[in-house]
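Work through the exercises below with the sequence and the model open. Each task is followed by a solution in steps.

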Amino acid sequence: ESDFSKALATAINVLDKRGISRAEIANHIAIVNTLKDNDKELEAAGQHGEKLYYPLLIVKNTPFKQTEANALLALSQQGSSNPVYLPQKGTELKLPSNDDLESWVVNDNKPFFYNSSNGAPKSVWAILIVMTLGGLIFIYPPLRHRSKEVKHYGSYFALLGISFMLIEIPLLQNFILFLGHPTLTFSTVIASLLFAGGLGSFATSFFKRDNTPVLAGIGIALMVLIMNLKLDDFLASYQGVPILNKIMIVFLVLLPLGFLMGIPFPVGIKRMEEKNRNFVPVMWGINGWMSVVGSVGALVLAMHFGFTQTLYMGAIGYLLFSVFTLKVMTKLP
């Protein structure tokens, strides 16, 4: 019944946002309940079962007409169904309050329809904790007795790993709505970011300035801010174009962002090689470990706050990376 409550609350919320009054919303909704064997016996005796089994929720953009309500009633009587609520039939639909809607509504920002927890489930938290502690067991010992310089590089690559995933995961959700297919979205977004990131990595061979990662981090944060504010409206204007055109649009949108995201990592690796090349594999490990932690962390944040807020946190992560690089990394000997 909790799933049904979510579906009903979400439908009411959509109709409410379209300017339909509470008094009129009930005329846009019909509910039919599938009867189980024991409920059929109650129905035959003139009573009704109290529980909902596979309820059918029908929502219309326009109010139900009397003829449509009559047709639904006739169809339900022909099968093993019981009309819980039909407009124009004299029954009353009890609508949830605005406070109840807030806790039940599912939207594109928090699309976790089947998650019954208030936030991330305990199982997801357990995975996040195990991966975090597991990484510390393997990564921390090699760095424990090393210089502050090596530890600073560890922080550099850790910030990169987690910030990258806090941006990538919400972007996958945003573009699913545009492309319409999760597998196609995953392939397109990941391929676009990796290709653009490869171009950014290649371009670092021509950069000589020490503050290149700082500028890249600031640029990434600004682009993410713009995308959060403008991307939905931009993609909506191209919603009807062919799928190949959509793929190209996604690629072009992500190209500058991916280019900037590909700059800090190779710059850090080059500098680590100059300082102590023996710790380059450790830095790769730290970055990979925090990328995994960041991917699950992005899911946890999205379940609690939403994908939009998670994307903002990714931007904040890159700003912190820029501040850290400017204040600490550029001052290393």
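**Exercise 1. Charges over rings**

Task: find the ring over which the charged end of Lys246 sits.

Solution. The charged end of Lys246 sits over the ring of Phe178, at 5.2 Å from the ring centre. The rule applied is that NZ of Lys or CZ of Arg must be within 6 Å of the ring centre and within 35 degrees of the ring normal. Lys60 also lies over a ring face, that of Phe64, 5.4 Å from the centre.

The model is predicted: local features need pLDDT of at least 70, side-chain atom pairs count only at pLDDT 80 or more, and totals for chains, interfaces and linings use all residues. Residues are numbered from 1 along each chain as its sequence is written, and side-chain values use heavy atoms, with hydrogens and water left out.

**Exercise 2. The loop residue Gln239**

Task: locate Gln239 and list what Gln239 touches beyond four places in sequence.

Solution. 
- Step 1: Gln239 is in the loop between α9 and α10. Helices (H or I, at least four residues) and strands (E, at least two) are DSSP runs, numbered from the N terminus.
- Step 2: Gln239 has a relative accessible area of 36%, so Gln239 is partly exposed. Buried means under 20% relative accessible area, exposed over 50%, and partly exposed in between (1.4 Å probe, protein chains only).
- Step 3: leaving out residues up to four places away in sequence, Gln239 touches Leu177, Phe178 and Lys246. Contact means heavy atoms within 4.5 Å.
- Step 4: Leu179 is 60 residues from Gln239 in sequence, yet their C-alpha atoms are 8.4 Å apart.

**Exercise 3. The whole chain**

Task: how many helices and strands does the chain have, and what percentage of its residues is buried?

Solution. The chain has 13 helices and three strands. Of its 333 residues, 43% are buried. Among contacts between residues at least 6 apart in sequence, 80% join residues at least 24 apart.

**Exercise 4. The nonpolar cores**

Task: name the residues that touch the most other members of the largest nonpolar core, and the helix that gives the largest share.

Solution. 
- Step 1: a nonpolar core is a set of buried Ala, Val, Leu, Ile, Met, Phe, Trp, Tyr and Cys residues joined through side-chain atoms within 4.5 Å.
- Step 2: the largest core has 64 residues, and Phe157, Ile167, Phe175, Leu254, Leu257 and Met283 touch the most other members.
- Step 3: elements giving two or more residues to this core include α6 (122-144), α7 (148-179) and α8 (182-203). The largest share, 15 residues, comes from α7.
- Step 4: apart from this core lies another, of twelve residues, including Phe4, Leu8, Ile31 and Tyr85.

**Exercise 5. Phe175 and Thr185**

Task: are Phe175 and Thr185 buried or exposed?

Solution. 
- Step 1: Phe175 lies in helix α7 and counts as buried, at 0% relative accessibility.
- Step 2: Thr185 is found in helix α8 and counts as buried, at 1% relative accessibility.
- Step 3: beyond four places in sequence, the contacts of Phe175 include Thr185, Val189, Leu231 and Leu254. Thr185 in turn touches Leu172, Phe175, Ile176 and Leu179.

**Exercise 6. Aromatic pairs**

Task: classify the pair formed by Phe234 and Tyr238.

Solution. 
- Step 1: rings of Phe, Tyr and Trp (its six-membered ring) pair if their centres lie within 6.5 Å; planes under 30 degrees apart count as stacked, over 60 as edge-to-face and the rest as tilted.
- Step 2: the whole structure holds ten aromatic pairs. The planes of Phe234 and Tyr238 are at 55° and the centres 5.2 Å apart, a tilted pair.
- Step 3: Phe234 is partly exposed at 35%, and Tyr238 is partly exposed at 34%.

**Exercise 7. Helix α6**

Solution.
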